[in-house]
Every structure is written in C-alpha cells, then in structure tokens.
Amino acid sequence: MKNKILIFNPRSAKGKHRIPNSILQVGASIYGKYDFVFVDGNLEKDAWQKIDSYFKTEDFKYFCCTVMPGPQLKQAIPFTKKIKEDYPNTITIWGGYFASNQYKASITSGFVDFIISGPGDRAFPLLLNSCISTSLNINSSRKLLIESKEASNDSDIRRNDNWKQELFSIKTLIYLNSKGEIIKTPKEELLDQDTLPPLPYQHLNSFYPLENYLSKTFLGRNTFSYHSSLGCPFTCSFCAVVPIYDGRWKAKSAESVYKDITYFKENYGIEAIEFHDNNFFTSRKRVVELSELIKNDGITWWGEGRIDTINKYTDSELQLMKDAGCKMIFLGAETGNDEILKQMNKGGTQTGAIIKEFVKRLYPIGIIPELSFVLGMPADSPEQVMKQIIWDINFIKEIKVINPDAEIIIYLYSPVATEGSELYEQIQKAGFSFPQHLEDWLDPAWENFDLRKNPLTPWLTPAMVDKIMNFETVLNGYYPTATDFRIKGIKKSLLQLVSGWRFKTGFYKYPYEIKLLHKIWKYRQPETQGFYSE
C-alpha cells in the first residue's frame, strides 16, 4: 500500500453546492508535500464508487473526512466503516464540528483512527509525517498503540514507544491508547491566518471545475462562499463552535481577503459573496477597511455576526457597509427574553431592547437583518416552557412591526455537548442524552435534530413543537424569505392573502393551505437548505 491521501467532503445538501472550504483548508496544509485527491460528495452521483476506484489502485492509505452534523453523516459513517472493512490497512482521520463535539462516539466506533478536533493546519501534516515515518507492518493504525510486551522485538518496542510520544506532541489530536482510553492532546493556538499557505483552488479545479460552485442567489450572479476568519470570541453554551475554539478568534487581514476576492472576480466573474465566518464582524476596523476596498467593485455580500457587536458600529460605518455591497447580516438574536439569554450564556451586552434598537437602526440604511431565534429552552415546568415560547413568538411579531424587512429564522433548541456548562448539566438532569454509538446517529430523527428541526428533548411536548412549527409556517407565509427570489408577484401575494388573517389573529393551528402552497412552489428555507440558487 502506498501513501496517497484521499480527502472527502460528504454530501451536505441536495442543491446549492458551496465550494468545500473545509477540505481546501486541510489540503492547503499538505499541498506540495504529499500526493492527495479531493472527492466532493456534493458533486458525485456515486461518491462511494469514486472513493472505491481510488483505493482499488492500492496507491491510497489515508482516508480523511470532514464531518458536520446532519446530512453529512449519511456518507461519512458508512463510507468510513466500509473503507476499514474493505481496506483494513487504511488509516482513517476525521475532522469537523461533529467529530470534535461527538468525539467519544466517533473515536470508539472501531473505524475512526484519529480525530483532529480543530484547525488542522499543523496537526494534519504532523500526523501524516508521524504515521508515514513509523511505517510498521500493521493492519490498522490503532495497532501501533500496542503494549510494548506485544512487540516482536526490541526495535519494534523502541519504535512504538517513540511513536506514542510523538503522537502526544501533536496538538488538537484525539485517539485511543493501547488500553482503549481516549487521549486528547492540548489544543493548538490559532495561527496568524495571513501566514497560512493559500487554499489550493486550482488543485480542486483539477477534480471539479470551480464554476460548479458558483450560482445565482438573491445576492447576485456567481455567488462565492468564503471564510475569512476562524472561531468566535464568545462562549455561548448552545453553540457548537465553543468546544472547538474556546472563545478564540483569528482573521485574515482585509488586504488578504480583498486579494482573494479580486482573484475570483477577475477569473470567475463573481458578483456576490457569502462570508461563512462564525463571527465575521468581530473586528470593526477590519470590516471598515474591507468595505473601503470593495465599495467600487460591484460586489454584494452577506455575513454572520452578533447584534451587540455590530450595534457599536456608527451609522456612517453601517452606511459604508451598505454602500460596499452588504445586503444582509445573519444575527443570532436567540431570544428577546433577557433571562433566557443569561441561561444561554450569550455573553456580551445583548438584550431584548438592544435587538429592537438594532433592527430599527438598520431599516432606513437598507441592510436586511436575518435574525435567528432558538425556541424551546428547558425550564422548571412545562407551563414555563410554553410561556417562554409564546413570549418569543410575540417578540418576533414586534420585530416585524419595527422592521418589516427583517428575516426570521426559527430553530428548536438542540443541545450541544459543551461539557461543564450549566446549561449542559441542566439538560442532562432533564433526561436528555446523545447517542452513545456512532451508527445510531444515522437515525433520521437525529439528522433533523442536527438541523434543529427535531429537538428530541424530553421537556418539549408535541403541543409545544406544534406551536413553534405552525407559527413558523404562518410567518413564512405572511413574510416569505427574500432569499427565495422565485416567491414574488402573484405567488407572494397569494401566500400573504391566505396567511395574513392567521398572523394577525394569532391562530396558527392546522396551516395546511400555507403548507400546500409552500410544497407546490418548493419554498426553500435558508436555515436548512441554504439560499435558493440556480
């Protein structure tokens, strides 16, 4: 078996396939050092056939997979397991949010050898160097972690002991030792993003034309997906980012970002960008500098941020962002209830009053606030849970009065494995637990859980879930998302006609007529499917 590497991006959506920045970042760390291929499950009719064809050549030894919660598990879990069954000498390496947050189920599955639980810019090449230089005759990587007494000679014993020490020196790594114990090495400090090697776009282009990742969205023609920073400086106890980054944030400079934008504009004609940073607006100075750089380039863009952070921007800075193409900002409102914000450990200075203040500021400027709300938090009694749900429904309706353009995204609260947080302890006491076995995550109910549409939480009754989901249906009828640009004219008018009385009177039960129209027109919800594109 040779040492080639396959880096796999499992299918994440039926449409709107964004450029796979996660595997590009991993590939950048070894580009020019090792021979590797990309396989993108989003663009393959039969991803397993493609993977299998590579491994049948006997040139490949490493199967590396990025794993997000939800749809990606449908390919990540069975494909990794089958690789181990059909090609037992293969070393399997996982990364991504799911692998990092659900590391116990992943690493004890019997077919995941290593997890890189954070950015792999250093850890991934160091792990490959270590595995390749050891080069023992093994039938799986975990066999290298044998007890010294199992080694066949003194040379193997020394090599094995040295390798174990070398592994532990690699930061941000999770693996099993010879006793079956989970070893987690210290986290790597976030690196200066401007010093990292450039993403190997042209290497990806040799497998999948980059044009396949560009599409028309409500932002504009040839919309491009981009990451300009890592992490988030806040530690919200409901957020999957927190266990990985621990309140850390690092970003590329405005000049570096603009250089990439210019390259894709000149070579691929991009007109719009989705900045998928966890918190794009953390540095006001950087955002202002980038806005100055791109304001005459005809680029329209969208990014994610915090209300209490961006509310500190001046009106002139917000206007500059608008003039520079900022069309919409995704904002974690979570709730208008200040007590629940404390329960979530939202941090910062955000309150219900600040949410209202900010959406009011954005209205005359013309930047659309896309507010996400998390309903169904645990409480002391079922009555209190329902009371909180009704409270936030009324708050959302107030937001639509203040700024009718505001987009509303509704999630059901889905716990995140932030061990040690008060909220995590609270949900465990309430009877919630994650699957203990990796393959149990393939149950469709857990996919919907990861998409925050099926809570699987014991404190939410069917009546509560119906209350939330029915309100969401009525809301999406009376105020259909602007991101699905097909819903306009007669379609939009008809939706508003049949849903208006429900929204105004608060009668949300049995909204079958709205669901029927949504189904006929294939209404696209951006929180689960991304922006509509063509």
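Strand β9 spans residues 220-226 and is mostly covered, with six of its seven residues buried. Buried means under 20% relative accessible area; exposed means over 50%, and partly exposed lies in between (1.4 Å probe, protein chains only). Strands here are DSSP runs of E with at least two residues, helices are runs of H or I with at least four, and both are numbered from the N terminus.

This is a predicted model, in which local features need pLDDT of at least 70 and side-chain atom pairs count only at pLDDT 80 or more, while totals for chains, interfaces and linings use all residues. Residues are numbered from 1 along each chain as its sequence is written, and side-chain values use heavy atoms, with hydrogens and water left out.

Now look at the partners of β9. Strands pair if DSSP finds at least two bridges between them. Strand β8 (residues 215-217) runs antiparallel to β9, and two bridges join them. T217 faces G220 of β9 across this pairing. The link from β8 to β9 is a hairpin of two residues. Strand β12 (residues 272-275) runs parallel to β9, with four bridges between them. Here Y226 stands opposite F275 of β12.

β9 also meets a helix. Helix α1 (residues 21-30) is largely enclosed by the rest of the structure, because seven of its ten residues are buried. These are N21, I23, L24, G27, A28, S29 and I30. They pack against β1 (4-9), β2 (36-40), β3 (60-66), α6 (123-134), α8 (201-205) and β9. Contact means heavy atoms within 4.5 Å. An α-helix has 3.6 residues a turn, so residues three or four places apart point the same way. Just past α1, G32 adopts a positive phi of about 85 degrees.

What about disulfides? A disulfide is a pair of cysteine sulfur atoms within 2.5 Å. The whole structure has zero of them. C64 is in no disulfide, and its nearest cysteine sulfur, that of C65, lies 9.0 Å away. For C65, the closest cysteine sulfur is in C64, and 9.0 Å is too far for a bond. C64 counts as buried because its relative accessibility is 4%. C65 is buried as well, at 3% relative accessible area.

How far can the model be trusted? pLDDT is the predictor's confidence in each residue, from 0 to 100. The chain has a mean pLDDT of 90, and 92% of its residues reach 70 or more. Residues 136-151 fall below 50, and this stretch has 42 contacts in the model beyond near neighbours in sequence. Where pLDDT is low, the predicted coordinates should not be read in detail.
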